[in-house]
Amino acid sequence: MKGSTLIRAAAVAAAALAPLPGAAQDAPAEASAGAGGAEAAKPVADSDALAQMAASLPEGDAERGKAVAGQCRTCHGLNGIATMPQAPNIGAEQADYLERQLLAFRSGARVNEMMTVVARGLDDQEIADAASWFAAQRLVAMPPDGRTVPELCVACHGADGIAAIPEAPNLAGESAIYIEAQVKAFRNGQRADPLMSPVAMAMTPEELAEAAAFYGAVRLVPAP
Ligand code: HEC
Ligand code: HEC
């Protein structure tokens, strides 16, 4: 079981080594030209544009999304609790956030060797359906005792890592590796967001390490 899971993950990762737009943000036009697949759209880095694209997706259906989630479970678990530190928890996120990120990967605005390949294989309906499925998961976050809550983050990401505003994702139980990689992506412009980018720019390495350690120590489990 474990072995075959690993092999599938490796196969997806190997497939991801096909030529990809290396710096999609820097050269959107060239990047889309090299993107291959008929579906490859122009990279859209802009949050508003992604939100508009998400708003124009068809209505999602969680039951159909469960079938799509079969393609995600190796890395994200069927309920959206990640099975590897590089992959984030996506269960119980806002459907809208999940749609925006999948559209960002599919368009090349956000690049990851595993997710870019996965997202390019999804049509609009599958994106909406998968987002509905993962958004419908009921998970419980249990913050660690005796650790200082990261004050800089709680207004948007919550004191237990469950987002306090609709635009923000949950950070509950995300690995320090993932949190640090994403903050770095906001700092160097690979990801851009009017709320998060300025916070990422202003954060000291100590603040980042403390926040990553805190949210990484939150336990995220299926609701009873
Ligand atoms: C081979 C492993 C793998 C598979 C399979 C996979 N993912 Fe991912 N996913 C990742 C990794 C790794 C990341 C983090 C990418 C990054 O660092 O930017 C990610 C990120 C995401 C994100 C962004 C979440 C956030 O909080 O920003 C979404 C949404 C997502 N995946 C959805 C899916 C869906 C839906 C499927 C199935 C259709 C899927 N993934 C299949 C590995 C995988
Ligand atoms: C003013 C609100 C706000 C504050 C404060 C804030 N964030 Fe965010 N954060 C956001 C939003 C909004 C996003 C989603 C951006 C997007 O759509 O790409 C985000 C995304 C993230 C992500 C990516 C998560 C994922 O699943 O991919 C990480 C990691 C993150 N923030 C870490 C932090 C940390 C650590 C702090 C505190 C030091 C912090 N943020 C403070 C609003 C905020």
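These are my notebook entries on a predicted model of one chain with a ligand.

**Ground rules.** I number residues from 1 along each chain as its sequence is written, letter chains from A and number ligands from 1 in the order in which they are written. As the model is predicted, local features need pLDDT of at least 70 and side-chain atom pairs count only at pLDDT 80 or more, while totals for chains, interfaces and linings use all residues.

**Entry 1, the fold.** I looked up the secondary structure and found 12 helices and 2 strands (DSSP runs numbered from the N terminus: helices are H or I with at least four residues, strands E with at least two). Along the sequence I read α-α-α-α-α-α-α-α-β-α-α-α-α-β.

I see 39% of the 224 residues counted as buried (20 or more other C-beta atoms within 10 Å of the residue's own, with C-beta atoms placed from the backbone). Among contacts (C-beta atoms within 7 Å) with a separation of 6 or more, 69% join residues 24 or more positions apart.

I went through the 23 residues around ligand 1, and Cys72, Cys75, Ala87, Asn112 and Ala130 come nearest (a residue is near if its C-beta atom lies within 6 Å). Helices α1 (2-15), α5 (73-76), α6 (95-107) and α7 (113-120) each supply at least two residues of this shell. I get 17 nonpolar, 6 polar and no charged residues there (nonpolar: Ala, Val, Leu, Ile, Met, Phe, Trp, Tyr, Cys and Pro; charged: Asp, Glu, Lys and Arg; polar: the others, Gly among them).

I found leucine 171 in the loop between α9 (151-157) and α10 (176-187). Leucine 171 counts as buried because 28 other C-beta atoms lie within 10 Å. Leaving out residues up to four places away in sequence, leucine 171 touches His157, Gly161, Ile179 and Tyr215. Its C-alpha atom is 8.6 Å from that of proline 88, 83 residues apart along the chain.

Technical notes:
A residue is buried if 20 or more other C-beta atoms lie within 10 Å of its own, exposed if 12 or fewer, and partly exposed in between; C-beta atoms are placed from the backbone. Two residues are in contact if their C-beta atoms, placed from the backbone, lie within 7 Å.
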